[in-house]
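Have the model open and follow along.

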Amino acid sequence: MENNHKIVFSAVQPSGKLTIGNYLGSIKNWIALQEEYQCIYCVADMHAITVRQEPAALRQRTYELVALYMASGLDPEKCTLFVQSHVPAHAQLAWVLNCNTMFGELSRMTQFKDKSAKHADNINAGLFTYPALMAADILLYQTDLVPVGQDQMQHIELTRDVAGRFNSVYSPTFKMPEGLVHRNGAKIMSLSEPQKKMSKSDENTNAFILMLDDRDTIIRKCKRAVTDSEAQVRFGEGKDGINNLMTIYACFTGKTMEEIEKEFEGRGYGDFKLAVGEAVADGLAPIQDEFARLTKDKTYLESVMAKGAEAASRLAGRTMAKVYRKVGFIG
Ligand code: AQP
């Protein structure tokens, strides 16, 4: 397919093992885009330290996330894969954007409210200004499209507000990015509390399925998923648990909700939960095999990171030079 030069940017934090929420809400949707657009995918290690991380584990998870990107189908020959801290322009632009982002805007971010409640002992300034760094990530590359899960749309809106403000104060500099939320899997919910989003940092390990969970664990977690007492596989109001399992099943099998309802008509939740577990395990198995192969070759992963950082730095440098000139820094 011909590359139409629209730019796509997205990132995931190496803040824990990735869940199927991260996969279905973002990475899975990135694969097709690399055929059509100029795609830049980042491992957001700078975002990860807004929450306390164990340094050796962060380093290890950064390697693993690069490997997981590739195992999921991202091809470093077709897109740019890089690690955020390898491109200093992210921190440089974040500072300038911090000076163009309002305290009130940041105070309204639900992720800040959630995370500061969860990490009450470490409500640091980085956690608060995280959206300015995320705006920098996106705006540095003159991004057109940002494929994310539904939970990130508020940050994309803020990015647009900050870009608009900068453009009107200093003259047009940043392209206005659009969030791209996939119809299916935009918000995968916790298996234990299906009113809450599935999150990799949930303390309850039964609440999420990890991309690297083994088959038995996946099936066990699906069997334990909270549902309702109706015993009818149907998508509807008041059935958050079943709706969520149906969404997961639909994402892994490509079936519609109607097809799923028909398939499980007159059958109990036990059958359905087992089928969901098997579909997830089957879908993840090839990714897990490829991941195991790639993580053995650290040198190769480092070469992908280095090549990606070089390409990303080149693009980011152009925007940074413009920004510094416009705000009045001597070039
Ligand atoms: N439950 C989800 N359903 C759909 N999409 C999701 N995403 C996250 N959870 C779900 C999408 O995954 C991408 C990367 O997210 P992130 O690593 O930047 O962090 P996050 O959104 O804060 O994800 P987590 O799992 O909740 O991490 P922690 O627990 O560390 O905060 C984004 O595109 C996001 O929309």
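Is Ala-231 buried, partly exposed or exposed? Ala-231 counts as partly exposed because its relative accessibility is 46%, where buried means under 20% relative accessible area, exposed over 50% and partly exposed in between, using a 1.4 Å probe and protein chains only.

## Ground rules

This is a predicted model, so local features need pLDDT of at least 70 and side-chain atom pairs count only at pLDDT 80 or more, while totals for chains, interfaces and linings use all residues. Residues are numbered from 1 along each chain as its sequence is written, and side-chain values use heavy atoms, with hydrogens and water left out.

Most residues other than glycine have a negative phi. Look for Ala-231 in the loop that links helix H9 (215-224) to helix H10 (240-253); helices here are DSSP runs of H or I with at least four residues, strands are E runs of at least two, and both are numbered from the N terminus.

Ser-171 isn't a glycine either, yet its phi is positive at about 105°. Ser-171 sits in the loop between helix H8 (153-170) and strand E5 (178-180). With a relative accessibility of 29%, Ser-171 also counts as partly exposed.

## The largest cavity

Searching the whole structure turns up three cavities of 30 Å³ or more. A cavity is a set of points on a 1 Å grid over the protein atoms alone where a 1.4 Å probe fits but cannot get out, and lining residues have an atom within 4 Å of a point. Points are joined across faces, edges and corners, and the volume is the space filled by probe spheres set on them.

The largest cavity holds about 120 Å³. Helix H3 (residues 55-72) gives the most to its lining, with four residues. The lining residues include Arg-61, Glu-64, Met-211 and Phe-291. By class, that lining has eight nonpolar, one polar and three charged residues (Ala, Val, Leu, Ile, Met, Phe, Trp, Tyr, Cys and Pro count as nonpolar, Asp, Glu, Lys and Arg as charged, and the others, Gly among them, as polar).

## The second largest cavity

Next comes a space of about 40 Å³, the second largest cavity. Among the residues lining it are Gln-111, Lys-115, Tyr-130 and His-155. Helix H6 (110-118) and helix H7 (125-139) are the elements that each give two or more residues to this lining, and H7 has the largest share, with four. The lining of the second largest cavity splits into five nonpolar, two polar and one charged residue.

Key
On a 1 Å grid over the protein atoms alone, a cavity is a set of points where a 1.4 Å probe fits but cannot get out, and a pocket is an open set with protein on both sides within 12 Å along at least five of seven lines; lining residues have an atom within 4 Å of a point.
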